[in-house]
Amino acid sequence: MGDIGHEGSGTPPLYGHSLPGQPETTWELLAPHLVAVGDLAAQFAGRFGASEAARLAGYLHDIGKASREFQRYIKDDGKSPDHSTAGAIVADGLFADGADRLIARLVALAIAGHHAGLADGRDLGERLGREVPAYAGWRTLGLELPPSILPKLAGGSGASNGYRLGFLGRMIFSCLLDADFIATERFYAAADGRAVARGGHAPLTELRERLDRYLATVIAGRSGALSATRAAILAHARAKAPLTPGLFTMTVPTGGGKTLAGLAFALDHAIAHGLDRVIVVAPYSAIIEQTAQVFRTALADDDGEAPDVLEHTGTVDWDARERDSRDEGARDAQAKLRRSSENWDVPVVVTTAVQFFESLHADRPSRCRKLHNLAGSVIVLDEAQTLPVSLLRPCMAAIDELAAGYRASVVLCTATQPALTTDAGFPRQHGGLEIPPDRELAPDPQGLYDKLKRVTVHRAGTVSDSELAARFAQRDAMLCIVNSRKHAQALFALIRDLPGARHLTTMMCAGHRRVVLAAIRADLAAKRPTRLVSTSLVEAGVDIDFPEVWRAETGLDSIAQSAGRANREGRLADAPVTIFTSADHATPRMFRQQVDAMDAALRQYPHDPLGLDAIRAYFNNLYWTKGIDRLDAARLDGRDYAILPAFAESFAAGGPRPAPPYASVARAFEMIDETGRAVIVPWRGDADPQEIDRLVAAIAAAPVPPRAQLRRLQNYTVSVPERAYLAMVAAGAVQPIAPDRYGDRFMLVQDVGLYADDTGLSLDPFGMSAEAGIF
């Protein structure tokens with residue numbers, strides 16, 4: 001598009017960021033900031049062929065700061081003016097050509113939302129017609145705008161054009177956000193004379209060398225048929241690494257070593273194809289805690305540390321309830337720096353499915369900032385069968401789009417493949433994934449199932465808690481998994497005086513759960529009494545080995561995962577897994593469809609209820625018995641809301657002026673009904689009981705939350721329902737840390753008596769008993 005002007009002699013300087021208390025000669029000029037952001041955004045978007053669109057977004061995002069009103073404001077004179085609309089107006093009017101014009105509308109949406117978040121496209125027209133401060137001074141900045149911004153996306157997924165374009169717009173938004181944040185951070189760090197603590201991670205080749213050394217040690221220390229099977233699975237998966245990036249499956253029975261085999265494949269595959277990082281997605285925070293610990297052990301450096309592994313849960317999305325700043329001025333931008341969330345700029349990320357998929361459909365800057373780093377990554381979806389039925393098709397569309405257009409490889413990793421592929425009967429026209437058989441990373445899944453079968457499943461009918469307690473008393477080691485926190489606490493109350501009785505729930509912080517699990521493993525290994533009552537958090541990805549497991553009725557996939565906690569190491573000829581209907585606690589309504597599908601599969605395959613055929617029948621029953629509409633059935637403002645049609649319709653109606661429904665989709669796409677609020681608990685049961693005090697003090701003293709401390713703080717957080725949180729605030733039971741800087745982002749539980757060593761955080765005083773949750 002060419003050079004649009006240069007700063008003339010005698011023109012007053014235009015500033016992008018100020019330094020409070022410092023002379024203006026030290027402030028950041030606007031033009032260098034715009035160029036830095038544009039060039040960095042273009043670098044990020046180069047991974048998926050959209051460099052020039054992202055560059056345009058960066059160059060124009062702050063041109064509204066060229067107004068007299070903003071320049072007065074930045075000098076602490078006047079109110080904060082709207083500065084992001086200006087860039088959106090310019091971007092939206094640059095191109096007459098239909099294709100470029102369509103992408104320019106996506107860029108305009110990204111610019112308009114870089115403070116407050118992506119809005120629904122239908123609302124952008126009104127905003128672009130709004131009267132804003134005159135910003136003509138931007139033409140003196142000498143910006144060289146790209147003559148075309150058409151992206152060069154690879155391939156095409158099964159998603160509609162509307163979903164694909166909406167996805168691209170959110171990715172451009174991500175590139176702009178991360179570039180703006182990093183450029184701003186660099187300016188303030190340089191002004192303070194400090195280094196920016198980013199990068200410096202080990203290359204993937206070095207991480208693979210560490211993993212190889214660890215695996216050699218582990219394999220050398222094991223023998224027997226099970227170890228040989230695990231080694232064969234590992235070797236087979238690694239041999240598939242040269243295959244071209246795209247979609248894969250990995251169908252390995254529980255106990256087959258899929259966690260490390262998946263990591264080994266991911267590192268080999270990333271190195272072979274020049275990909276940037278490995279992202280492992282697990283359904284629950286309890287699973288990622290263990291997975292992250294396994295990775296930290298396997299990838300530790302010579303000092304025993306693992307700075308190259310990031311554990312990022314949805315629980316600690318610190319500003320989950322806070323809209324990003326609508327202060328258009330952000331005089332010193334420190335507020336933006338304090339609000340930042342992770343951008344996943346590390347080689348290995350372990351995160352939850354909630355964090356992953358909700359971010360892919362989010363509108364908030366803090367959630368979207370990291371998304372561009374999914375491009376050129378290996379993404380392992382652990383326990384892929386846990387994707388929610390009501391959001392299954394949007395989740396599949398996102399998976400397909402990442403693999404088709406963003407050079408990502410996605411591995412569906414599970415013991416119970418959820419029949420998402422066209423080969424498994426999921427029609428392509430409804431979003432079924434095309435994954436050829438040769439892209440299965442496990443050798444002979446049916447043969448592996450036969451070889452690793454170690455349990456017998458029984459259906460017991462209706463059982464009372466008193467009967468379960470009596471069974472616990474008869475057995476020295478037994479696990480019972482139930483469907484709610486209320487049920488877990490009631491059953492634990494009946495057995496708590498038995499030797500080795502323990503209880504697990506997400507009302508315990510992550511560090512506490514790790515300590516309890518370590519004690520359980522030690523007791524089981526020493527053949528000491530071990531009796532555990534848990535919610536479903538323990539049934540997947542948690543390495544424990546009981547001789548007997550009872551499971552409250554649920555989906556067959558969850559039954560299979562529960563069975564993976566029985567006879568895990570194959571030391572017994574067989575182990576019983578008993579499914580029961582609780583006489584005292586109704587099966588939660590959210591599980592009724594799964595139970596019905598399980599019953600149908602068990603009637604069809606009574607003698608092998610966990611076999612591959614039974615699992616496929618279960619998922620087909622779950623997905624198809626009540627129609628395809630159930631697989632895209634979100635709720636928005638009390639009404640049904642289908643996400644994929646919403647994108648398709650908005651783009652079809654908009655023509656060259658598309659109107660993606662970003663804000664509406666973000667509100668509708670909730671993988672769990674209530675994510676809750678993260679509170680910090682004063683748990684002191686770790687090897688370092690004073691660590692929580694040091695972390696709180698570091699957060700309180702820092703102008704910007706130190707990333708290392710934030711990551712450690714995850715060990716001390718519990719997510720509580722919103723209603724309980726508000727009651728705790730009203731009672732003064734939680735108090736904010738440094739509220740003048742952080743508002744209510746970091747809320748610390750004040751009464752140590754609210755946190756018990758056996759059951760975790762009690763919500764009883766706030767009118768929310770343990771029934772308020774399933775984990």
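Contact here means heavy atoms within 4.5 Å. This is a predicted model, in which local features need pLDDT of at least 70 and side-chain atom pairs count only at pLDDT 80 or more, while totals for chains, interfaces and linings use all residues. Residues are numbered from 1 along each chain as its sequence is written, and side-chain values use heavy atoms, with hydrogens and water left out.

- Glu-691 belongs to helix 25, residues 691-701, where helices (H or I, at least four residues) and strands (E, at least two) are DSSP runs numbered from the N terminus.
- With a relative accessible area of 11%, Glu-691 is buried, a term for under 20% relative accessible area with a 1.4 Å probe and protein chains only.
- Once neighbours within four places in sequence are set aside, Glu-691 is in contact with Arg-712 and Tyr-716.

- Six strands in the order 11-16-15-12-14-13 make an open sheet with parallel pairing, two strands being paired if DSSP finds at least two bridges between them.
- Strand 11 (455-463) and strand 13 (501-504) each have a single partner strand, so one side of each is left without a neighbour in the sheet.
- Strand 11 runs parallel to strand 16 (residues 575-582) and is joined to it by eight bridges, and His-458 stands opposite Thr-578 in strand 16.

**Helices on the sheet**

- Helix 19 (residues 510-525) lies across strand 12 (477-481), strand 13 and strand 14 (530-534), at about 145 degrees to strand 13; axes are lines fitted to C-alpha atoms, for helices over the stretch in contact, and angles run from 0 to 180 degrees between N-to-C directions.
- Helix 20 (residues 556-563) also packs on the sheet, touching strand 11, strand 12, strand 15 (549-552) and strand 16, and its direction makes about 160 degrees with that of strand 15.

Note on methods:
Buried means under 20% relative accessible area, exposed over 50%, partly exposed in between (1.4 Å probe, protein chains only).
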